[in-house]
Amino acid sequence: MKTCSLICILLLAIASCSGPDKKNVSDPTTNKVSLLDADKAFSHVCETKGMKEAFIEYLDSNGVLLRPGHMPIVGADAIDYLIQQNDSAYTLSWQPSFAEVAASGELGYTYGMYALQMKDKDTTIFGTYTSIWKKQSDGTWKFVLDTGNEGVGAE
């Protein structure tokens with residue numbers, strides 16, 4: 001009887017150590033789609049509500065902006081920087097071309113092309129961008145780093 005009890009306890013111990021719960025394993029395809037969707041939604045908010053509001057909404061609390069002529073602008077300083085921007089003369093939009101998410105599902109990046117359409121002129125400035133994203137505890141994505149380069153033609 002003691003042997004049978006010992007075997008049962010041993011089997012229970014082995015079963016409890018059988019590896020990660022499949023429900024908690026990150027699905028790479030789902031994560032990539034959700035990240036692309038977040039980047040597209042970010043662009044949509046930018047088009048409809050303005051650059052300032054969109055960037056403040058999607059910026060992680062420790063997020064970094066890399067902008068020409070500035071050292072990296074981090075966290076609360078990034079919010080202050082965005083608040084001071086006048087976004088009334090243009091509409092900014094972009095389209096992600098690619099996304100990748102780490103196997104953990106916690107970090108990812110997107111890149112693509114942006115278009116800055118001047119409201120009072122028939123001028124559009126095109127460029128490329130890269131954003132690094134962090135999944136929040138509620139499952140949403142916020143960017144932790146954003147940068148872009150001006151100067152590519154429309155394709």
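1. The largest pocket holds about 600 Å³ of space. Its lining comprises 24 residues, and those closest to the centre are Arg67, Pro68, Leu92, Tyr114 and Leu116. Two or more lining residues come from each of α2, α3, α4, β3, β4, β5 and β6. The coordinates under discussion are those of a predicted model.

2. Which element gives the most to the lining of the largest pocket? Strand β6 does, with five residues. By class, the lining of this pocket divides into 14 nonpolar, six polar and four charged residues.

3. As to overall architecture, the protein chain contains four helices and six strands. Read from the N terminus, the order of elements is α-α-α-β-β-α-β-β-β-β. The chain has 155 residues, of which buried residues make up 30%. Where contacts join residues at least 6 apart in sequence, 53% of them link residues at least 24 apart.

4. The largest nonpolar core has 27 residues, and the members that touch the most others are Phe42, Phe55, Leu65, Leu92, Trp94, Trp133 and Phe143. The elements contributing two or more residues to this core are the helices α2 (28–49), α3 (51–58) and α4 (76–84), together with the strands β1 (59–65), β3 (90–101), β4 (107–118), β5 (124–135) and β6 (141–150).

5. Helices α2 and α3 pack against each other, with axes that come within 7 Å and cross at roughly 145°. The contact of α2 with α3 has nine nonpolar residues, three charged residues and no polar ones.

6. With neighbours within four places in sequence set aside, Phe55 is in contact with Phe42, Cys46, Leu65, Arg67, Leu82, Leu92, Trp94, Phe143 and Asp146.

7. Is Leu65 buried or exposed? Leu65 lies in strand β1 and counts as buried because its relative accessibility is 0%, under the 20% limit. Beyond its neighbours within four places in sequence, Leu65 is in contact with Phe55, Met71, Pro72, Ile73, Ala78, Tyr81, Leu82, Phe143 and Asp146. Of these, Phe143 is 78 residues away in sequence, with a C-alpha to C-alpha distance of 9.6 Å from Leu65.

8. Ala99 is placed in strand β3. With a relative accessible area of 2%, Ala99 is buried, because the cut-off for that class is under 20%. Apart from neighbours within four places in sequence, the contacts of Ala99 are Lys32, Leu35, Leu36, Tyr109 and Thr110. The C-alpha atoms of Ala99 and Asn31 are 9.5 Å apart, while 68 residues separate the two in sequence.

9. Gly151 lies in the segment after β6. Its relative accessible area is 64%, and Gly151 is therefore exposed, the threshold being over 50%. Leaving out neighbours within four places in sequence, Gly151 is in contact with Phe126 and Gly127. The C-alpha atoms of Gly151 and Thr128 are separated by 8.0 Å, with the two residues 23 apart along the chain.

10. Phe126, a contact partner of Gly151, is found in strand β5. Its relative accessibility of 27% falls between the limits of 20% and 50%, so Phe126 counts as partly exposed. Between Phe126 and Gly151 the C-alpha to C-alpha distance is 5.9 Å, and the sequence separation is 25 residues.

Terms used: Residues are numbered from 1 along each chain as its sequence is written. This is a predicted model: local features need pLDDT of at least 70, side-chain atom pairs count only at pLDDT 80 or more; totals for chains, interfaces and linings use all residues. Side-chain values use heavy atoms; hydrogens and water are left out. A nonpolar core is a set of buried Ala, Val, Leu, Ile, Met, Phe, Trp, Tyr and Cys residues joined through side-chain atoms within 4.5 Å. Buried means under 20% relative accessible area, exposed over 50%, partly exposed in between (1.4 Å probe, protein chains only). Contact means heavy atoms within 4.5 Å. Axes are lines fitted to C-alpha atoms, for helices over the stretch in contact, and angles run from 0 to 180 degrees between N-to-C directions. Ala, Val, Leu, Ile, Met, Phe, Trp, Tyr, Cys and Pro count as nonpolar, Asp, Glu, Lys and Arg as charged, and the others, Gly among them, as polar. On a 1 Å grid over the protein atoms alone, a cavity is a set of points where a 1.4 Å probe fits but cannot get out, and a pocket is an open set with protein on both sides within 12 Å along at least five of seven lines; lining residues have an atom within 4 Å of a point. Grid points are joined across faces, edges and corners, and a volume is the space filled by probe spheres set on the points.
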